[in-house]
Amino acid sequence: MRNPYLNAYKDSLAVEVEAASPHKLVLMLFDGAVAAIRQAALQMANGNVPEKGRLIGKAAAIIDEGLRPSLNRDAGGELAANLDDLYEYCGLRLLEANLNNDPALLDEVARLLGEIRDAWAQIGKAPATAPARPPAQQGMHYGAA
C-alpha cells in the first residue's frame with residue numbers, strides 16, 4: 001500500500017503545477033533540480049550509489065527536458081544561447097560528478113543553477129510603484145452628466 005502522505009503531496013504538487021504561470025513553472029524546475037542535486041550529494045556522502053545516480057539523473061532530466069526547452073531562442077537571442085550553453089555545461093558536470101563521485105561538482109552545479117534561479121525570481125517581482133493617489137487627485141471621470 002502506498003503512503004497516503006506521499007499521495008497527498010503528489011496531488012498537491014500536481015495542482016500547483018496546473019495552476020502555475022510559466023514564470024512559476026521555471027522557478028519550480030530550478031528548485032527541483034537544485035533539490036535533487038543536494039539530495040544526491042547526501043546520498044554520495046552516505047555511499048548510496050543507486051540513489052545518488054537516480055537523483056543526479058533526475059537533476060539532469062530537469063535541465064535537459066525542462067529548462068533547456070523553456071528557452072525562447074528567438075526572443076532571447078544571445079542570452080538564451082548563453083543559458084543553453086550553461087545548461088549543457090551543468091549536464092556535463094553532473095555526469096562527471098556521478099562518474100567520479102565528486103561532491104564539489106554537485107556543489108558547483110547547484111550554485112550555478114541557484115544563481116540563475118535567483119535572477120529569474122527577481123524578474124517575476126512587480127516593480128515598485130508610486131503610492132496610489134486618492135481618486136479625486138487622479139482626475140477620475142464617472143461619465144457625462
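Read from the N terminus, the order of elements is α-α-α-α-α. This is a predicted model, in which local features need pLDDT of at least 70 and side-chain atom pairs count only at pLDDT 80 or more, while totals for chains, interfaces and linings use all residues. Residues are numbered from 1 along each chain as its sequence is written, and side-chain values use heavy atoms, with hydrogens and water left out.

Colour the chain by accessibility. Of the 145 residues, 28% are buried (under 20% relative accessible area; exposed is over 50%, partly exposed in between, with a 1.4 Å probe and protein chains only).

Next, select residues 22-46, which form helix 2. Helix 2 has 25 residues and spans 36 Å from first C-alpha to last, close to the 36 Å expected at 1.5 Å a residue (the expected span is 1.5 Å times one less than the number of residues). Show the side chains of Val26, Leu27, Met28, Phe30, Ala33, Val34, Ala36, Ile37, Ala40, Ala41 and Met44: these are the buried residues of helix 2. An α-helix has 3.6 residues a turn, so residues three or four places apart point the same way. Just past the end of helix 2, Gly47 has a positive phi of about 75°.

Move to Ser70, in helix 3 (residues 49-70). Ser70 counts as partly exposed because its relative accessibility is 38%. Its C-alpha lies 9.7 Å from that of Ala80, 10 residues away in sequence.

Now select helix 4 (residues 73-100) and helix 5 (residues 103-124), whose axes come within 8 Å and cross at roughly 155°. Axes are lines fitted to C-alpha atoms, for helices over the stretch in contact, and angles run from 0 to 180 degrees between N-to-C directions. The two helices are therefore roughly antiparallel (over 145 degrees; under 35 is roughly parallel, 65 to 115 roughly perpendicular, the rest oblique). For the contact (heavy atoms within 4.5 Å), pick residues including Leu83, Tyr87, Cys90 and Arg93 on helix 4, and Leu105, Val109, Leu112 and Ile116 on helix 5.

Finish in the loop between helix 4 and helix 5, at Asn101. Asn101 has a positive phi of about 50° although it is not a glycine. Most residues other than glycine have a negative phi. At 41% relative accessibility, Asn101 counts as partly exposed.

Key. Helix = DSSP H or I, 4+ residues; strand = E, 2+ residues; numbered from the N terminus.
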